[in-house]
Amino acid sequence: MKEQAARQDRLEFNKLQKRLRRLVGTAIIDYNMIEEGDKVMVCLSGGKDSYTMLDILLSLQKTAPIDFEVIAVNMDQKQPGFPEHVLPEYLTALGVPFHIIERDTYSIVKEIVPEGKTTCGLCSRLRRGTLYDFAAEIGATKVALGHHRDDIIETLFLNMFYGGKLKAMPPKLLADDKRNIVIRPLAYCSEADIIEFASLKGFPIIPCNLCGSQENLQRQVIKDMLHTWEKQHPGRTETIFSAIKNVSPSQLADSSLFNFVDLLADKNAIARTDTDTCSTIEPFVSKPSIVQFLDAGDILESV
Ligand code: SF4
């Protein structure tokens, strides 16, 4: 009985690992994240996401048709209680080359940010700056961050609700310093899968909030909203992520992305049926003529 349960657990774990490998591999190919000869600096915070990213990248490295290097880098920001032995011990046992950068950004953040305000914004900026400098110093050609699909979607809504911008977190980008290409190999992976994988692997997790800071309250609001949606409409998170990959600038209102000003009618075009009036919602509406009598709210409700 016990043996059967253990076999079942192993099967489940293998399925999960396979799924994560496939999703990471697909994201790498879709965005050309890793190329022959790359030196990939994997930023390791000690959280579930970065441990998972490192684990999957190392496993893909063994079977990939290209050669690339993986170097793990952690930044010890000198938060009180940071268990500095954990990562070096883990990485040594794994046999992966690594660096620990020591920078007391904790004191800087405490000095600058007023008491009671969230410190994460400044803390992450300082961390990012140091990591990017280090990547240039060691000649890393890619900087890998552990953000996953749910982080990307939350950022989309945060920017929309609180910043008035339609932007998320790209799977690959040229960093602001213009010296580094940042990649997010977990871009297609759900947080739920990562939580499960991290727990089954028993990674020695180091909590980020040792500093006593609270997670950004606005992000928590968005997280709760997305969880409620997902519960009420299973699959909605995936659909939102598909939308991020499937953008129609001509159906939005940003004139820097689409030239609305010079839009001209083609007088020679053959007269078309009114199905064209609703081409953007075609996949969801089978009787286009009815759509003319609905407002956008009705259409969205019906999706
Ligand atoms: S929780 Fe603390 S260590 Fe983590 S990002 Fe926020 S301020 Fe930095």
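Where does Lys178 lie?

1. Lys178 is found in the loop that runs between β5 and β6; helices (H or I, at least four residues) and strands (E, at least two) are DSSP runs, numbered from the N terminus. Lys178 is exposed, its relative accessible area being 60%; buried means under 20% relative accessible area, exposed over 50%, and partly exposed in between (1.4 Å probe, protein chains only). Lys178 and Tyr132 are separated by 46 residues in sequence and by 9.9 Å in space, C-alpha to C-alpha.

2. Basis of the note. This is a predicted model, in which local features need pLDDT of at least 70 and side-chain atom pairs count only at pLDDT 80 or more, while totals for chains, interfaces and linings use all residues. Residues are numbered from 1 along each chain as its sequence is written, and side-chain values use heavy atoms, with hydrogens and water left out.

3. Overall composition. The protein comprises 11 helices and six strands. Of its 303 residues, 37% are buried. Among contacts in the protein with a separation of 6 or more, 75% come from residues 24 or more positions apart; contact means heavy atoms within 4.5 Å.

4. The sheet. Six strands form an open sheet with mixed pairing, in the order β3-β2-β1-β4-β6-β5; two strands pair if DSSP finds at least two bridges between them. At the edges stand β3 (98–102) and β5 (172–174), each of which pairs on one side only. From one strand to the next, the twist averages 25 degrees. Angles run from 0 to 180 degrees between N-to-C directions, and axes are lines fitted to C-alpha atoms, for helices over the stretch in contact.

5. Strand pairs. Strand β1 (residues 39–43) and strand β2 (residues 69–76) are joined in the parallel sense over five bridges, and Cys43 stands opposite Val73 in β2. Strand β1 is largely enclosed by the rest of the structure, because four of its five residues are buried. The pairing of β5 with strand β6 (residues 181–183) is antiparallel and extends over three bridges. Within β6, Ile183 is the bridge partner of Lys172.

6. Helices on the sheet. Helix α3 packs on the sheet, where it touches β2 and β3, and its direction makes about 170 degrees with that of β3. Helix α5 lies across β1, β2, β3, β4 (142–144) and β6, and runs at about 140 degrees to β2.

7. Helices α1 and α2. Two packed helices are described by the angle between their axes and the distance between the axes. For helix α1 (residues 2–30) and helix α2 (residues 48–63), the angle is about 80 degrees and the axes are 10 Å apart. Helix α1 is therefore roughly perpendicular to α2; angles under 35 degrees count as roughly parallel, over 145 as roughly antiparallel, 65 to 115 as roughly perpendicular and the rest as oblique. On the α1 side the contact is made by Gln17, Leu20, Arg21, Val24, Gly25 and Ile28, and on the α2 side by Thr52, Asp55, Ile56, Leu57, Ser59, Leu60 and Thr63. By class, this contact of α1 with α2 has six nonpolar, five polar and two charged residues. Ala, Val, Leu, Ile, Met, Phe, Trp, Tyr, Cys and Pro count as nonpolar, Asp, Glu, Lys and Arg as charged, and the others, Gly among them, as polar.

8. Helices α2 and α3. These helices pack at about 10 degrees, with axes 13 Å apart, and α2 and α3 are therefore roughly parallel to each other. Tyr51, Leu54 and Leu58 of α2 meet Val86, Leu87, Tyr90, Leu91 and Leu94 of α3. The contact of α2 with α3 consists of eight nonpolar residues, with no polar and no charged ones.

9. The ligand shell. Around the ligand are Gln79, Thr119, Cys120, Cys123, Arg127, Cys208, Asn209, Cys211 and Ser213, a residue being counted if one of its heavy atoms lies within 4 Å. The shell divides into four nonpolar, four polar and one charged.

10. Two residues of the shell. Gln79 is in the loop between β2 and α3 (86–94) and counts as buried at 12% relative accessibility. Setting aside residues up to four places away in sequence, Gln79 touches Tyr106, Cys208, Leu210 and Cys211. Arg127 belongs to helix α5 (residues 120–138) and is partly exposed, with a relative accessible area of 24%. Apart from neighbours within four places in sequence, Arg127 is in contact with Met75 and Gln77. Arg127 and Thr105 are 22 residues apart in sequence and 7.6 Å apart in space, C-alpha to C-alpha.
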